[in-house]
Structures are given as structure tokens and as C-alpha cells.
Amino acid sequence: MEICPKCGLPEQACICERIGKSSQKIKVTTDKKRYGKIVTVVLGFDKSFDVKKLTKSLKNQLACGGTVKEGIIELQGDHHKKVRDILIKQGFDEDSIED
Ligand SMILES: [Zn+2]
């Protein structure tokens with residue numbers, strides 16, 4: 001199976017092209033949960049955007065756990081800067097990512 005070098009997903013599941021077409025305003029932030037656990041929160045995706053696939057890609061690349069709830073991605077740990085880099089690499093416009 002071919003793996004897309006940009007998003008790290010099998011080519012069938014590749015999300016790069018779809019990301020490129022969207023003009024979403026993404027916000028990357030961190031949040032402190034109970035017991036002092038830090039999570040990285042990524043939000044602001046269009047309803048039509050496949051957030052689940054992106055979460056899978058982020059989890060693969062960051063080797064961390066994470067969940068999606070109502071279009072909001074939560075990744076365990078502080079991956080703030082890396083998430084931004086990955087999103088840009090995947091075709092998100094730098095200006096569309098707020099952090
Ligand atoms: Zn891809």
C-alpha cells in the first residue's frame with residue numbers, strides 16, 4: 001500500500017487534496033485538563049471537512065493519543081508547534097492557522 005508522504009495516510013485515504021481546497025480558519029491551542037494533563041486542541045474546521053481522517057494522521061505523526069468530538073480535535077500532550085507544522089505541510093494556508 002502506498003503511503004502519502006504528506007499526511008502519512010494510505011493514498012486511498014489521503015486528505016491532502018481536500019485540505020488544499022478548503023479555506024478554513026483553524027485554531028491550535030492547548031488546554032489544561034483535570035489532574036494537570038495538557039491537551040492540544042485543534043478547532044475551526046468546516047462541517048464538510050473530514051476531521052476524523054486528519055486526527056488519525058496527526059496521531060500517527062505525533063505518536064500520541066487523541067479524540068474528536070463535534071469537530072474539535074484533542075491530542076494528548078503539548079504538540080502545539082508540531083501540529084501547526086503538520087497542518088502547513090498538508091496544505092493548510094499558514095495565514096489560516098491561528099495559534
Ligand atoms: Zn496525503
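## A tour from the sheet to the core

Start by selecting the strands: five of them form an open sheet in the order E3-E4-E2-E1-E5, with mixed pairing. Bear in mind as you look around that this is a predicted model. The edges of the sheet are strand E3 (66-69) and E5, each of which pairs on one side only. If you like to see what holds such an arrangement together, display the hydrogen bonds: strands of a sheet pair through those of the backbone, either parallel or antiparallel.

**Zoom out.** Show the whole protein chain as a cartoon and you will find three helices and five strands. Followed along the sequence, they come in the pattern α-β-β-α-β-β-α-β. The radius of gyration is 13 Å, close to the 13 Å that the globule rule gives for 99 residues, so the chain is as compact as a globular protein of that length. Its C-alpha trace spans about 40 × 30 × 25 Å along the principal axes. Buried residues account for 20% of the 99 residues.

**Select E1 and E5.** These two strands pair in the parallel sense over two bridges. Pick Ile26, and look across to E5 for its bridge partner, Ile97.

Which residues of H3 are buried? Colour Val83, Ile86 and Leu87 to see them. Now look down the helix axis: the buried residues fall within an arc of 100 degrees, so they line one face of H3. They pack against E1, E2, H2 and strand E5 (97-98). Step just past the end of H3 and you reach Gly91, which takes a positive phi of about 110 degrees.

**Turn to H2.** Here the helix lies across E3 and E4, running at about 165 degrees to E3.

**Finish in the core.** The largest nonpolar core has 15 residues, and Ile26, Val42, Leu58 and Val83 are those with the most contacts inside it. At least two core residues come from each of strand E1 (26-32), strand E2 (38-43), helix H2 (51-62), strand E4 (72-76) and helix H3 (80-89). The biggest contribution is that of H3, with three residues.

Technical notes
Residues are numbered from 1 along each chain as its sequence is written. This is a predicted model: local features need pLDDT of at least 70, side-chain atom pairs count only at pLDDT 80 or more; totals for chains, interfaces and linings use all residues. A nonpolar core is a set of buried Ala, Val, Leu, Ile, Met, Phe, Trp, Tyr and Cys residues joined through C-beta atoms within 7 Å. A residue is buried if 20 or more other C-beta atoms lie within 10 Å of its own, exposed if 12 or fewer, and partly exposed in between; C-beta atoms are placed from the backbone. Helices (H or I, at least four residues) and strands (E, at least two) are DSSP runs, numbered from the N terminus. The radius of gyration is taken over C-alpha atoms; the globule rule is 2.2 Å times the number of residues to the power 0.38. The arc is that of the directions from the helix axis to the C-beta atoms. Two residues are in contact if their C-beta atoms, placed from the backbone, lie within 7 Å. Two strands pair if DSSP finds at least two bridges between them. Axes are lines fitted to C-alpha atoms, for helices over the stretch in contact, and angles run from 0 to 180 degrees between N-to-C directions.
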